[in-house]
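Reader: Please show me the structure. Then I will ask about its aromatic rings.

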Amino acid sequence: MESVASSRSLLPARRKSRRLQAALEKGIKAFFGGNAILAVIVLALITIFLFREGFGFFGQNLANLRVYRQAGLEYVDIIRAVGEQHEALSRRLSDIRLGEAQHLEKRGTPVDETAAILAPFDKFAAEFGDTAENLRGLISESTDQATSLKEELAASRTMDPARLDVALPTLRQAEPAFDSVATDMTARIAALLATAPPISDPASSRIFGHWKSTVGNYLKEFPGAAARLRSWSPNEPIPWHRSIQSFLFGREWVTASFWQDWYGIIPLLTGSVLVSFVALLIAVPLGVSSAIYVSEVASRGERKLIKPIIEFVSAIPSVVLGFFGIAVVGEAIRAASQSSLLSWVSFFPISERLNVMTAGCLLAFMAIPTIFTLAEDALRNVPRGFKEASYALGANRLQTIGRVIVPASLSGIISAILLGLGRVIGETMVVLLCAGNRIAIPDFTQGVGSFFQPVHTMTGIIAQEMGEVVRGSIHYRALFMVGLVLFTITLAINWLAQRFVARFRMSIG
């Protein structure tokens with residue numbers, strides 16, 4: 001009877017304990033469910049904010065494109081492109097001369113004799129530059145006329161048709177002048193190429209030969225430029241999708257220009273991709289292999305030493321790493337490129353210490369702790385029975401790691417890599433300090449050498465220019481559109497990662 005009475009007295013306490021446990025579980029569910037709802041709300045607010053601030057960019061950009069055509073800037077740019085190609089070829093001659101001078105210096109040629117050897121080439125380069133003198137004058141005159149029209153259009157928004165009827169025919173007088181200039185340049189450059197001086201340095205000689213073939217192709221483009229001038233029309237309508245195309249596929253980002261502002265995201269996207277690629281190329285092998293070693297090979301003492309050191313790197317401020325990249329990593333890469341041991345590399349020595357490789361090395365240093373920590377957790381979560389079964393079948397440690405542990409934890413390792421990519425592609429300070437901030441697509445004809453050229457990134461351009469723009473201007477809205485593209489890329493990476501990991505887990509199961 002006493003035991004029955006005691007059990008009855010315990011029932012209210014047990015019910016109370018169950019109610020408390022149920023209330024606690026409800027509270028936990030509400031907390032995490034509320035966090036999930038809050039995350040969704042924050043993402044929605046960020047998206048709305050980016051769209052709201054960037055709204056109107058494409059309309060303003062389309063208006064700019066229409067002014068660009070109506071004022072004749074597009075017409076003059078056809079001639080300017082020919083002049084810019086000539087300037088690029090002249091700069092290339094300077095690089096060839098530098099290579100020849102370095103070759104003579106390595107051979108121990110005296111300074112006076114070096115000057116005498118280079119004199120014919122200097123004369124050739126000067127005469128080549130002079131061949132575009134009339135072209136420069138034509139560009140200058142046409143530029144003055146087109147910019148005057150642009151200022152009138154920008155001031156009045158609409159121009160008197162009578163004014164356009166007078167101004168545009170005057171501008172189009174450049175067509176016969178260009179034909180005359182092209183004929184003269186073709187004859188003079190062809191005569192120069194026939195009397196080109198010899199180059200003693202084999203490498204510079206090969207480059208000079210390629211330069212001469214490039215000049216030949218350049219001369220063949222003159223008839224096409226003349227045809228584009230004749231077919232150009234200021235009244236041809238610009239479709240609405242041209243504004244979107246010029247942003248998503250534009251190869252120029254030019255702001256505060258007296259001529260024309262361009263907001264093309266391709267050079268910024270290319271810079272972000274190149275820097276992220278270099279960073280992951282370095283960070284993934286180091287981070288994953290370190291995680292495997294610490295998890296499966298290292299002793300307890302080694303683990304206590306290695307793990308805190310790697311994880312401590314994430315506590316270093318990014319601005320400090322940026323200074324380290326400028327003062328140490330960039331200088332080390334440039335010094336290595338100037339070493340005689342690497343003189344066989346075609347694109348060495350490099351002149352810029354701040355480039356894709358410098359920024360990528362620093363970003364890899366930042367991503368390694370993230371990849372290491374998450375990959376090591378994934379490796380440790382592999383059931384112990386997997387390893388014991390592998391050893392029982394006679395496999396050694398290396399075979400167990402390569403054929404059992406790593407495949408079983410691959411979803412976690414991939415997640416670690418993708419989170420490392422998120423850390424890399426969203427980093428601002430390091431790329432702003434170490435990437436060189438040159439808004440241009442690298443010269444991919446140099447192959448691996450393109451990784452040693454300066455670039456700008458999407459995060460860097462936002463940080464650099466956001467504080468200087470006028471709120472509501474087209475430049476301001478363009479930066480928010482860049483942020484929206486970056487935000488979309490990040491969400492797409494995370495979505496693809498979740499899909500891939502889920503599919504891999506299903507295949508393993």
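**Aromatic pairs and burial**

Author: At 0% relative accessibility, Phe 57 counts as buried. This is a predicted model, where local features need pLDDT of at least 70, side-chain atom pairs count only at pLDDT 80 or more, and totals for chains, interfaces and linings use all residues. Residues are numbered from 1 along each chain as its sequence is written, and side-chain values use heavy atoms, leaving out hydrogens and water.

Reader: What makes Phe 57 buried?

Author: Buried means under 20% relative accessible area (exposed is over 50%, partly exposed in between; 1.4 Å probe, protein chains only). Phe 57 has 0%, so the term applies. Tyr 263, at 3%, is buried too.

Reader: How are two rings described as a pair?

Author: By the distance of the centres and the angle of the planes. Rings of Phe, Tyr and Trp (its six-membered ring) pair if their centres lie within 6.5 Å; planes under 30 degrees apart are stacked, over 60 edge-to-face, the rest tilted. The count is 20 aromatic pairs.

Reader: Why is the pair of Phe 57 and Tyr 263 called edge-to-face?

Author: Their centres are 6.0 Å apart and their planes stand at 85°, so the pair is edge-to-face. Phe 57 is in helix α2 (residues 57–70) and Tyr 263 in strand β2 (residues 262–263), so the pair ties together parts 206 residues apart in sequence. Helices (H or I, at least four residues) and strands (E, at least two) are DSSP runs, numbered from the N terminus.
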